[in-house]
Amino acid sequence: MAGSKSASVLCMDVGFSMSNSAPGEEPPFELAKKVIQKFVQRQVFAETKDELALVLFGTDSTNNPLDKDGQYQNISVHRHLMMPDFDLLEEIQNQVHPQGSQADWLDALVVSMDLLQRETKDKKYDRLIIALLTDLNTQASSEHLDVIIENLKQANITLQFFLPFAAEEDEEGGGDGDRRGPGHHGTGKGLTSEQKDGLDMMKHIVLTLDEEDGLEEIYTFRNAIEQLCMFKRIERRPMAWPCQLTIGSALSIRIVGYKAVTEEKLKKSWTTVDAQSNKRDDVKRETVYCLDDDNETEVQKDDTIQGFRYGSDIVPFAKVDQDQMKYKHDGKCFAVLGFTKQSQVHRHQFMGSQVIKMFPGKDDEHAAVALSALIRALDELDMVAIVRYAYDRRCNPQVGAAFPCITKDYECLMYVQLPFTEDLRQFTFPSLENNKKLTPSDTQLSIVDSLIDSMMLIEEEDGEKKDLFEVQNIPNPAFQRHFQCLHHRAVNPGTPLPQMEPWLKAALERPDLISEQCRASLEEMKKKFPLVEVEKKKKLKTSAQIFGKDSEEPDTKKAKGDDEEEEFNLADIAEGSVTSVGSVNPARDFRSLIKQKSLPFGEACQQLTHRIEQLLSNKNTHYFMKSITCIQAFREQSVKLENADLYNSYLQSLKRSIPNRGLEVFWDLLVQDAITLISKDEVEGSRVSKNEANQFLVSEEKKEEVAAPPAEDTGDLDDLLDMM
């Protein structure tokens with residue numbers, strides 16, 4: 001449970017026998033090393049306070065406190081009891097290697113027990129564990145076996161064994177475990193005499209410590225790796241949220257809330273560090289505020305103010321204003337606003353990122369009785385309480401539903417947040433019931449029913465239900481992949497990240513049993529619901545579109561729907577009738593006004609150019625692109641209505657004002673899109689030739705240097721607006 005603390009010793013055999021294996025098989029040493037690596041990395045990423053020590057036996061040297069008078073040789077305490085970290089992972093990766101000596105595994109067990117007792121003295125731990133990884137291929141002395149067992153009992157130490165073969169296999173040969181070769185665990189070869197004796201002693205130890213489940217503490221390397229490949233979830237201490245449940249002004253019940261379900265997020269985040277030292281302190285950040293002018297004039301932070309962007313305008317708010325505009329309330333609360341039927345609170349209205357369970361206050365008998373009465377009444381009447389919930393004074397209040405929850409172990413209210421009006425999305429779709437083309441046949445309905453039955457994730461065996469896809473036991477694949485890459489980069493800097501592990505890819509796949517069951521139904525679905533590729537019909541073109549405007553066919557014979565070629569747009573209907581060119585989507589509004597003919601063309605153009613000038617005043621690439629979209633719409637509609645004068649006049653005056661307004665970047669974007677004047681070839685009434693239109697986008701710098709610069713003209717834009 002969260003808040004508990006354990007002390008563990010990993011005792012690993014690194015003797016020469018652990019390196020032997022059959023050709024093509026992985027040595028027991030490598031398997032054992034993977035076990036301790038995965039165990040340590042689980043502890044690191046789980047962010048627990050558990051402590052860990054590492055003892056190696058079979059080492060060429062000796063380093064342990066019991067090394068006296070030639071006893072307990074070839075056993076080394078590699079790391080003393082402390083919280084696991086990346087340093088330990090790197091040491092296991094780079095410093096733990098197979099060696100050429102052998103050691104008594106019972107001696108290694110005694111050294112591990114001594115280390116635990118020495119380093120946990122006067123400290124509080126909930127659990128003491130020793131995990132011994134060996135192939136039992138050394139002669140062990142059983143002289144003091146009973147004393148060792150008695151000390152394990154007195155110290156309340158849990159003992160776990162990890163072997164390269166299964167403990168329950170037939171020792172005389174055969175078996176189907178992980179046997180790999182002579183002298184070890186080779187299939188058909190049996191166990192050596194040392195392994196048989198060691199296995200007997202090991203079984204005697206675990207059965208003496210736990211007569212019923214002792215053998216469950218003996219694992220194989222491969223099974224352990226499979227179980228440890230999943231990173232341990234981060235344990236969270238339950239945080240109590242004390243409050244008063246109020247019903248009106250007269251009734252108050254003391255409650256305590258706990259988060260039952262909430263979105264888990266990675267505690268550690270990205271940070272910027274020095275590329276050489278990998279230290280965050282070596283990187284200093286400085287924030288400088290500058291004006292958006294040519295000199296980038298620096299200003300002090302005190303001379304700045306927060307502004308809220310509203311369309312193209314910025315509304316300034318001082319710090320005092322921001323504090324005053326916040327929604328104020330009385331602080332934490334859980335107030336019942338009323339009651340309603342559970343059927344009125346639909347599941348699709350549940351929102352938020354948490355579910356909170358409300359219990360009566362600790363050791364408060366009156367609160368327990370009152371809350372229990374409320375819960376049972378809601379349950380009997382099939383009702384829920386609609387409540388106003390606020391975590392504290394800093395948080396905005398919420399409206400939610402409190403559901404009664406009664407189990408054999410406890411009673412509580414479960415709070416789920418409900419939406420406000422702004423949170424709801426209303427969509428209207430055509431009914432499927434009245435369309436005969438979309439009505440399925442009885443055969444099709446039967447096939448879909450069969451498919452659903454074949455894909456049921458709950459199966460019953462002897463009256464008991466079994467879940468084939470337990471979501472609560474599936475780890476978050478994104479977290480698992482993150483930790484996998486983090487561990488690899490920590491111990492293997494500079495090397496490519498590993499591929500995603502197969503078990504992780506399969507975590508969210510359909511269970512094999514379900515895939516097999518639904519195969520026949522899916523084949524029937526393909527037959528009864530055939531998919532036919534529909535090719536989009538090409539629109540017929542008129543002669544004017546094919547041969548140009550000079551076609552002999554008069555304009556009166558044009559297709560009636562030419563003016564209605566724009567595609568049906570649901571958003572246009574939702575927006576309703578457009579009355580002016582707005583700031584959100586001015587180009588679309590302009591087109592709508594022209595299409596509706598609700599305003600004269602000149603007035604609509606005036607509104608559009610006014611919006612363009614507002615956008616250009618921001619001097620930001622986003623607004624520049626929005627302005628270009630407006631100019632494109634201006635040109636498009638001018639050509640369509642054969643009125644080029646207003647567009648050409650505006651674009652010419654805009655070009656002359658570019659240097660004075662510092663809009664060179666905007667003009668470059670306009671040139672890239674080749675948006676130029678409307679020539680006579682496009683609109684007959686235009687006074688601009690095709691050559692002049694092509695030359696219009698050429699910058700003044702590319703013209704003859706002897707040419708005198710044009711005189712400043714600041715009134716063209718105003719004159720143009722007056723003309724409109």
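Reader: Does E642 count as buried or exposed?
Author: This is a predicted model, where local features need pLDDT of at least 70 and side-chain atom pairs count only at pLDDT 80 or more, while totals for chains, interfaces and linings use all residues. Residues are numbered from 1 along each chain as its sequence is written, and side-chain values use heavy atoms, leaving out hydrogens and water. Buried means under 20% relative accessible area, exposed over 50%, and partly exposed in between (1.4 Å probe, protein chains only). E642 has 53% relative accessibility, so E642 counts as exposed.

Reader: And where is E642 found?
Author: Helices (H or I, at least four residues) and strands (E, at least two) are DSSP runs, numbered from the N terminus. E642 isn't a glycine, yet its phi is positive, about 55 degrees. Its place is the loop between α17 and α18.

Reader: How are α18 and α19 set relative to each other?
Author: Axes are lines fitted to C-alpha atoms, for helices over the stretch in contact (heavy atoms within 4.5 Å), with angles from 0 to 180 degrees between N-to-C directions. Here the axes come within 9 Å and cross at roughly 140 degrees. Under 35 degrees is roughly parallel, over 145 roughly antiparallel, 65 to 115 roughly perpendicular, and the rest oblique. Therefore α18 and α19 are oblique.

Reader: Which residues of α19 do the α18 residues meet?
Author: On the α18 side, look for L651, L654, K655, I658 and P659. In α19, they meet E664, F666, W667 and L670.
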